[in-house]
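Please take the points in any order.

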Amino acid sequence: MNTPSTILSAIPRRLHLQPDHPLAITRQLIESRFLDYKHHNTLFPVVTVKQNFDSLGFPADHVGRSRTDTYYLNKDTVLRTHTSAHQADIFRKNESAGYLISADVYRRDAIDRSHYPVFHQMEGARTWDRESLGQSKSLEEAIWADVAKIPTHSINVGDPNPTFHPERNPLQECHSAGEVEAIAAHLKRSLEDVVVAIFNAASSAAAAAGEISASQDEPLKVRWVEAYFPFTSPSWELEIFWQDDWLEVLGCGIIKQDIMDNAGVPNRLGWAFGLGLERIAMLLYSIPDIRLFWSTDPRFLSQFSSGEPIRRFVPFSKYPACFKDVSFWLRSTSSAAGGLSRNASSPVDFHENDVMEVAREVCGDLVEDVRLVDEFTHPKTGRKSFCYRTNYRSLERTLTNEETNELHERFRQQLVDKLGVELR
Ligand code: FA5
Ligand code: MG
């Protein structure tokens with residue numbers, strides 16, 4: 001068990017289901033582009049290691065399985081790290097050709113304005129049954145006929161790579177090139193349709209706020225890049241150009257046929273995607289900090305309403321930041337007995353995510369950012385030292401000096417108590 005109570009207390013929040021919450025509105029907006037799909041929105045986040053990893057073909061040594069990355073409840077049970085944990089179960093039920101799953105997911109991760117240890121994903125999949133097609137039609141033709149039903153758009157989408165590539169992004173043996181071209185076209189067009197719907201809503205919001213329409217000012221820039229997931233091949237990611245950089249919003253690909261075979265539906269084949277709802281909602285509403293989604297402050301919540309057109313989020317005043325540094329020596333090899341020792345073979349058992357978690361535990365949402373600012377290895381003893389800079393800032397009020405001093409003192413002490421480091 002490496003799951004703190006603060007993480008467990010997020011489970012009942014179910015932000016994606018709260019009426020008028022921006023994540024719920026974003027979910028509904030995307031769902032409206034997939035009306036004939038079955039929508040699953042209440043799947044429980046506690047899943048087995050088998051569901052989260054084994055059923056998807058994660059290799060035994062994949063880093064995602066590690067205790068530094070995943071919250072375990074016991075050795076066989078985790079808080080799901082992605083909505084893909086439910087793929088095999090839903091394929092086995094075989095209730096509909098297409099489905100969406102929206103849910104909370106949990107990952108030990110960095111602390112900054114776009115990362116939070118609990119976030120929300122939407123998974124989608126669409127499959128076709130080889131057997132149910134009439135003799136007259138090939139699978140390829142049937143899929144292309146479905147592609148033609150997806151609304152067209154006029155945005156410029158970068159897609160420089162071939163649909164599959166023998167080394168980088170291989171075709172599965174059981175699929176023909178033509179089938180994969182058709183499925184990939186259906187997948188990419190469906191997701192581009194979502195992005196266009198989001199962008200149109202965001203542009204109207206910008207126009208309503210009296211800003212130059214985003215579509216006149218800066219045209220939507222979107223691109224497909226090659227990717228890797230253990231459970232799809234070929235695989236891609238979709239990136240959107242936002243605030244001067246490419247932002248990854250989703251991963252997707254052609255479902256590995258093993259998953260279908262093991263789920264008792266060997267005749268079905270198709271695509272799946274997983275997107276980050278916060279990433280899309282931040283883009284849609286111009287929400288600057290991922291912690292805001294957890295706020296119960298009416299100055300935040302009152303700005304969103306599902307019955308009305310999307311309006312840009314108007315930040316309430318930005319409260320002052322307070323930066324504080326902590327420097328420490330890692331435990332040396334000889335004293336590696338206590339603390340969080342997990343792996344006897346690694347001389348100094350330290351992972352940055354442990355620092356992040358101590359910060360979250362002590363400071364909750366009063367910490368905005370934790371960053372490594374210096375790293376040093378003693379030339380004689382070989383001991384390692386790190387310096388982390390913490391930015392304390394509340395989204396809702398000005399913190400007093402006493403308060404930040406006290407938080408920082410507790411943070412330092414917990415680093416010693418939990419990680420066994422030596423403060424400098
Ligand atoms: C996955 O989780 C795969 N399960 C996606 C998938 C599904 C691929 C089905 C193929 C088929 P990834 O770890 O890249 O992939 O996360 C998917 C999306 O979740 C990212 O593109 C991003 O939008 C969002 N995301 C990931 N980590 C975070 C985070 N810490 N905070 C907020 N959003 C995140
Ligand atoms: Mg990714």
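The points below go from the overall shape to the ligand, the sheet and a few backbone details.

1. Overall shape. This is a predicted model, and every remark below should be read with that in mind. The protein contains 12 helices and 15 strands, and its C-alpha trace spans about 75 × 55 × 40 Å along the principal axes. Buried residues account for 34% of the 424 residues, and of the contacts between residues at least 6 apart in sequence, 70% join residues at least 24 apart.

2. Which residues come nearest to ligand 1? Of the 24 residues around ligand 1, these are His 82, Ser 84, Gly 251, Gly 274 and Gly 276. Two or more residues of the shell are given by each of β6 (118-129), β10 (245-255), β11 (268-276) and α9 (277-285), and the largest share, 6 residues, comes from β10. Sorted by class, the shell holds 9 nonpolar, 9 polar and 6 charged residues.

3. Helix α9. This helix, one of the elements that contribute to the ligand shell, is mostly covered, with 8 of its 9 residues buried.

4. Helix α9 is followed by Ser 286, which lies in the loop between α9 and α10 (298-301). Ser 286 has a positive phi of about 55° although it is not a glycine. Most residues other than glycine have a negative phi. Is Ser 286 buried or partly exposed? Ser 286 counts as partly exposed, because 19 other C-beta atoms lie within 10 Å, whereas a buried residue needs 20 or more.

5. Asn 94 is partly exposed because it has 13 C-beta neighbours inside 10 Å, and the exposed class ends at 12 or fewer.

6. The open sheet. Four strands, in the order β13-β14-β12-β15, form an open sheet with antiparallel pairing. The edge strands are β13 (367-377) and β15 (422-423), each of which pairs on one side only. Helix α11 (residues 352-363) packs on this sheet, where it touches β13 and β14 (384-392), and its direction makes about 140° with that of β13. Helix α12 (residues 401-419) packs on the sheet as well, touching β12, β14 and β15, with its direction at about 20° to that of β12. Strand β12 (residues 322-329) pairs with β15 in the antiparallel sense over 2 bridges, and the bridge partner of Phe 328 in β15 is Leu 423.

7. Strands β7, β8 and β9. Strand β7 (residues 157-158) runs parallel to β8 (residues 222-229), to which 2 bridges join it, and Val 157 stands opposite Val 222 in β8. How many bridges pair β8 with β9? The two strands pair over 7 bridges in the antiparallel sense, and a hairpin joins β8 to β9 through 2 residues. Within this pairing, the bridge partner of Phe 229 in β9 is Thr 232.

8. A cis peptide bond. The peptide bond from Ser 233 to Pro 234 is cis, with omega near -10°, and Pro 234 has its place in strand β9 (residues 232-242). Most peptide bonds are trans.

9. Asp 54. This residue is found in the loop between α3 (49-52) and β3 (72-74). Asp 54 counts as partly exposed because it has 13 C-beta neighbours inside 10 Å. Asp 54 and Tyr 228 are 174 residues apart along the chain, and their C-alpha atoms are separated by 17 Å.

Conventions:
Residues numbered from 1 in each chain as written. Chains lettered and ligands numbered in written order. Predicted model: local features only at pLDDT ≥ 70, side-chain atom pairs only at ≥ 80, totals over all residues. Near = placed C-beta within 6 Å. Nonpolar A, V, L, I, M, F, W, Y, C, P; charged D, E, K, R; others polar. Pairing = 2+ DSSP bridges. Contact = placed C-beta atoms within 7 Å. Axes fitted to C-alpha atoms, helices over the stretch in contact; angles between N-to-C directions.
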